Structures are given as C-alpha cells and as structure tokens.
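Good morning, and thank you for joining.

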Amino acid sequence: MVKLPIYMDNHATTPLDPRVLDAMMPYLTDRFGNAASRNHKFGWEAEEAVEEGRKQIAALIGADPREIVITSGATESDNLAVKGVALMYREKGDHIITCVTEHKAILDTCKHLEKEGFRVTFLPVGSNGLIDLDDLRKAITDKTILISIMTANNEVGVIQDVKDIGKIARERGVLFHTDAVQAAGKVPFNVNEMNVDIASLSAHKVYGPKGVGALYVRRRNPRVLLTPIIDGGGHERGMRSGTLNVPGIVGFGRAAQLAREELATESAEMFRLREKLRTTLERELDEIYINGDLQKRLPGNLNMSFAYVEGESLLMGINDVAVSSGSACTSASLEPSYVLKALGVGEDLAHTSIRFGIGRFNTEEEVDYVANRVIEVVRRLRELSPLYEMAKEGIDLKSVHWATETN
Amino acid sequence: MAYSDKVIDHYNNPRNVGALPKEDPNVGTGLVGAPECGDVMKLQIKVNEQSGLIEDAKFKTFGCGSAIASSSLATEWVKGKTLTEALAIKNTDIVKELSLPPVKIHCSVLAEDAIKAAISDWKKKHDNNGK
C-alpha cells in the first residue's frame, strides 16, 4: 500500500535528501561560525565548509570553485546575471535576447531593464517548446550584450539546444546565460562543453535546502564581470555581499555531490517511471496530448492536457496526489499558463493541463497509483463534461458560438 | 486553495448529472461559458405543463470544483420551483451557500446565467409553439 499523499511535483521543489540534512546538521548546531570571521576557529571551520560546498557545486557543472557565487536562490541568481551583465556592459550595448517561456525571474527582470532603457528581444518558441536557432542568429546585433535562454523549462521540461546556443553566442562575442535550475543534476550539464558563460542554480530543486542558490560566472575565455545588485561587505569577490548561508551551502554541496554521483542511474530511473506513466495514461484514455517536445525533455517531466476536463477539477479529484496544473484556476491571475500559450496550446487545452514531476523518491507503486487515479477521475469528469458529450456527438467545439458575456 | 465542505460534497456527489432530451418541447437547455475561459455549463430544465413547475433538472459542467458545485446546486434549487421563482435565484445566494471565495464568484454568476439561459430556451420554444 502506498503512503498518501504522494508528492509528484518535483519541479516546484524537491524533498530534502536525508543525507543532505545529515551533512547540514553540524552547521545548524555547534558549527555556527561566520565564514567571514578570519581570526578564530568558528570562522575557519565555517569557511572550510563553504569552500568544500563550493567545490562540490562547481564539480556538478564542470566549473572551477572560484567561478561559483553563492546566492539566496535562483531568482536572485537570475537577477544578478541579467542585471549584472546589463549594468556592467552598458557602454558596449543595450540589447538582451531571451525567450518567451523563461521563468518570471528572467522575464520580469528583462521587463524591468526595458524600463531603464534596454532593448529586449523575446524569442518565440515552436510547438515543441524550442527556440529556432535561426531566429536567435537573426536577433543578434552589434548592441547585443547578453543571451539568456534557460536549459530546461520548469513547466514542460523541454531542454533547449544549449550547446548550439552557446556556440552562436561565442561566435558573435555575446555573453550567454542559462537558467539551469531544472537541468543541473537531472541531465548532464557542463559549462565548458555547453559554451555557457553564466548559469543559475538552485539547491532545493536537487534535494537540497531552500534559500540557497548559486551563479556560475566564467573566469576566463571570456572573463565575465558583473555589477553587483546587492551592496555591502564585499563577500563573494564583491559580486554578492551578505553573510554566507553556511548550512545551506553545505547542504547544497552535498546535494550537488549526490546528484553528480547518482545522475546516470537516477535519470534512467526517472525516465523509466515517466514513460510508464505516459504509456499507461495513453493506453487508457483518449484525447490526451503531451505539451512540448517528448525527446528533448527532462526525464522526470510529463506535461499533459486531458481534453474536456478542467485542470483544477482534475487536481481536486486526485487530491491525495500533489501535482500542478497549467489551468488558470490554480493561480490568482485567472490566466492559463503563459508557457503553454507560447507553445501554441489553445486556451481550451491549457485549462486541462497537468504537470507531473517525478523525482528521486517516487516509486513505481506511486506511479501506478497516480496513473490509476488520473484515469479514474478523468473518466468520471468526462461523464460530467458537456464538452466531452458534444465532442462525442460529433459537434466541432471550435464552431460553437460560445456566449461569453460573463467573462 | 481550500474548498468548503459543501463544494467538496457537490464535487464528489454531484446532483442531477446527465442530459434531458433537447428536442422535448418541455425541456429548456442553457449552455453558457466557453472552453477558453475554463468553464462551460449546460443546465437543462423540464417544465410540467399542468403545474408550470420545474419537475426535473440536469447539468453537465466543464470547470473547476466550484463551477461543478455551483451548477449542481443550481439544479437542486430550481427543482419544484416555478419559472419566476427560478429566475429569482441570485448568484450571491450560491456564493453564500457554497462559501465561495472572491476568485470563484464568476462560477456562481455562470450558474445563474445557466438557469436564465435554460428558462429563456424553454420560453422561446413555447412562444414559437403559440404562433
């Protein structure tokens, strides 16, 4: 019997790995020193722990530890990357290229910079969720200082052609930042092989603690300089002031180490479970659609639309399973997911989408349970759905004149 | 978002799910909302020719739990009522009964619209028959 509720929303956050907590505990208790205290043992052991953590974070992405700037999380990392480059290289140019399916931490940062006079190109994506590399090439001008394209998308799990994007950026002498929060630790990600200059990382997406992230900042070929967005004591080589979150960094380091060591076996297992979930649902239910490219995708991600069944009502039916929906009703905005919209998923289908995020601690029994619950609830809600009834009667829903006076 | 017990009850045990024959002259059908907006309600009433009372009501809803609950409740409420009484049902009554939060008020509005649309469909049929 599976233990309920089941957590299958691992793109939102992941549970803390007990091994990570073990590593952190001493730094939450006895070893409480400030890593910036240079003249006593408390400070030294904290600094040592931070440097060990930094080394492990760097190793996950093939970087040098001196290229890792610790932050409070990926939102800060994204802000520091984009604003830091924009302000530092303003003399050189005022143009930034990003893409419409980026995380809000990038999109809103870019919009903020637009108000300050920068120009931003938001590249579209195809129905598979990928940007067109020719669009990217055409968008680059003499004034382009930064390309920021995420590695893996948090909603649809689609993995961009990062290596090629980095190559294009390098050929044109433009810095390349990638939000690698969902990708690092889940799929092979190496900053040198992928021509990445700046990368955002987060601990809590890789079974580490919340409240700690990192920014990879390349030191040579090219050397990247950033204008800090937080002023203060000059920590992190002046790029990010603030007392270091020692237990967080220790936890992040341990989590990165585990992710690196277990990546091959873990990603194969995620893929196997994801495929079992997908094929079971596809076998038992008609009119379900996968959102985004199926091949270039995180192994643990499945984003699906269940036609004629509104997402929130589906979530309500599977209330012992934690997943998320691209439906408007799950957010305060009443707008369905902008990511699905960008992929060209119609609003009718966007309202019916569910994101499953399989993680390290999910079991095959849980996947079977979730599949069965979804099948049962989708069938029940379709019996309740006037749209399903009309579709079965052969009515083309697109041709119906909907009375929308209330909306 | 937390649901009220009444919303959960209607969601788990929706009342009067189904369809009445659309062509029946005593049946009025209301279809409101749009798939793009994430809510579509179909509410049907059957009016007794002698008594003028709504003797049966059925619904089907595509929408969130609150939308399902609002329409389920609407079918319960219109049953046994005259058309005039049914027309007097206000969305605010539904909001109150189901303890809907502000972001779900549109669900109750849609349910009220569905009742009105069903009644107006029935009336249209009868006006035509009279001519």
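Helices (H or I, at least four residues) and strands (E, at least two) are DSSP runs, numbered from the N terminus. On that basis, chain A contains 12 helices and 13 strands. Its radius of gyration, taken over C-alpha atoms, is 22 Å, close to the 22 Å from the globule rule (2.2 Å times the number of residues to the power 0.38) for 407 residues, so chain A is as compact as a globular protein of that length.

This is a predicted model: local features need pLDDT of at least 70, side-chain atom pairs count only at pLDDT 80 or more, and totals for chains, interfaces and linings use all residues. Residues are numbered from 1 along each chain as its sequence is written, while chains are lettered from A and ligands numbered from 1 in the order in which they are written.

Chain B has five helices and three strands, arranged along the sequence as α-β-β-β-α-α-α-α. For its 131 residues the radius of gyration is 14 Å, close to the 14 Å of the globule rule, so chain B is as compact as a globular protein of that length. The C-alpha trace of chain B spans about 50 × 30 × 20 Å along its principal axes; for chain A the spans are about 75 × 55 × 40 Å.

How do helices H2 and H7 of chain A cross, and at roughly what angle? The axes of H2 (residues 41-60) and H7 (residues 246-284), lines fitted to C-alpha atoms over the stretch in contact, come within 8 Å and cross at roughly 30°, with angles running from 0 to 180 degrees between N-to-C directions.
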